[in-house]
Amino acid sequence: MTMPDLRLVGAQVLTSDGLADQPLVLSEGRIADGGKARDVDLSGFMVMPGIVDIHGDAFEKHLAPRRGAMKDLDQGLIATEAELAASGITTAIMAQFYSWEGGMRGAEFAGRVFAALEQVRDRLVTDMRPQLRFEISMTGEYPAVTEMVAAHRIPYLVFNDHLPHEELARGKRPPRLTGQALRIGRNPEKHLEYMQALHAGMNEVPAMLDELCTDLTARGVLLGSHDDHTADDRAAWRARGVRIAEFPETLEAAEAAHGAGDAVLLGAPNTVRGGSHKGNVSATDLVVMGYCDALASDYHYPSLRRAALQLADSGVLDLAGAWGLISSGPARVLGLADRGELTAGNRADLVVLDAETRNVCATLSGGQVSYLSGEAARRFLA
């Protein structure tokens, strides 16, 4: 059930032109032009568009809080929603691996996650959607990936390649291999042999990718690449119809993507930290250059709100522009035209911030409350 019709008054509401002292009417899960509604006094608060997280994998810690504790995935997803809501996120893309790493990043676990998400969807307020992150070196898995996309109606797939090719090409043992293998219950030597075989088969990958991308594009699946390093990398993906560039590692790759009209996604934690933890190009620098369409939570949900406010406070962008990188920008990339801005007819997706602390005090997704705390709760319930 959605909330009764409400008229939020007294708050500063974020519009495309900035904060404005104007009422906001919510009716039947959407933002309305007007009409009769119960007033909720939100003086001292800011009302912002709900956050759209276009790529996040912080849910892993809820699905597997300890090694081997991966049985109650439905409860893990419900716990994930609580963190999403407390972070002001109203739409969340759940970036699930399909990787040679195995364990909770393996193919079998991916299927379980997607099945669990389908089972709990009616119990969730937050719009949580699946994304499949496929390791392109797994040449034997391409047919299974197509089947998984169809079976679970996965709308968004990203291509990854995290094999340590440099070490494998030199015949060296990749770092952390033993711990990685033991963590998933695999013999380290067998794990190394598997990685070497995948590396040796990379010559088959381009043709297989061409076919897979053609098939997925025909199904209407959004396609993205991950960690592009050069302009040539981006050009190769673009030629296959892959028009989203997640976390380009260099200025060259980001510039090439932006120049060709491809969507560029950057990490909010990178922005908050002031740089990449891996030494890649700074997300803030790319935002300054205008090479960013959306920020993603990556591995830390609270970073989205913090990154947008930090960009606004530092003068890199005005508040509307900065917040747009976590609301209207990602919504546009995902093709979700009904959210991201507080305009009549859109979903009633919004987050209420304390105007002084700018902490999240309330989150509504589709007009339903997913998070409510403190003084804001008292105002809504008065």
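Colleague: How many helices and strands are in the chain?
Modeller: The model is predicted, not experimental. Its chain holds both kinds of element. The count is 16 helices and 18 strands.

Colleague: What is the radius of gyration, and what does the globule rule give for 382 residues?
Modeller: The globule rule gives 21 Å for 382 residues. The chain comes close to that, so it is as compact as a globular protein of that length. The C-alpha atoms fill a box of roughly 70 × 45 × 35 Å along the principal axes. The radius of gyration is 22 Å.

Colleague: How far apart are the centres of the positive and negative side chains?
Modeller: The chain has 37 positive side chains. It has 51 negative ones. The centres of the two sets lie apart by 5 Å.

Colleague: What is the C-alpha separation of R30 and T343?
Modeller: R30 and T343 are 313 residues apart along the chain. Their C-alpha atoms are separated by 9.2 Å.

Colleague: Is R30 buried, exposed or partly exposed?
Modeller: Buried needs under 20% relative accessible area, and exposed needs over 50%. R30 has 36%, so it falls in between. R30 is partly exposed.

Colleague: Why does the phi of R153 stand out, and what is its value?
Modeller: Most residues other than glycine have a negative phi. R153 is not glycine, yet its phi is positive. It sits in the loop between α4 (142–151) and β11 (156–160). The phi of R153 is near 50 degrees.

Colleague: Are R153 and F247 buried or exposed?
Modeller: F247 lies in the loop between β13 (244–246) and α10 (251–259). Its phi is also positive, near 50 degrees. R153 has 63% relative accessibility, over the 50% cut-off, so R153 counts as exposed. F247 has 11%, under 20%, so F247 counts as buried.

Key
Residues are numbered from 1 along each chain as its sequence is written. This is a predicted model: local features need pLDDT of at least 70, side-chain atom pairs count only at pLDDT 80 or more; totals for chains, interfaces and linings use all residues. Side-chain values use heavy atoms; hydrogens and water are left out. Helices (H or I, at least four residues) and strands (E, at least two) are DSSP runs, numbered from the N terminus. The radius of gyration is taken over C-alpha atoms; the globule rule is 2.2 Å times the number of residues to the power 0.38. Lys and Arg count as positive and Asp and Glu as negative; His and the chain ends are not counted. The place of a charge is taken as NZ of Lys, CZ of Arg, CG of Asp or CD of Glu. Buried means under 20% relative accessible area, exposed over 50%, partly exposed in between (1.4 Å probe, protein chains only).
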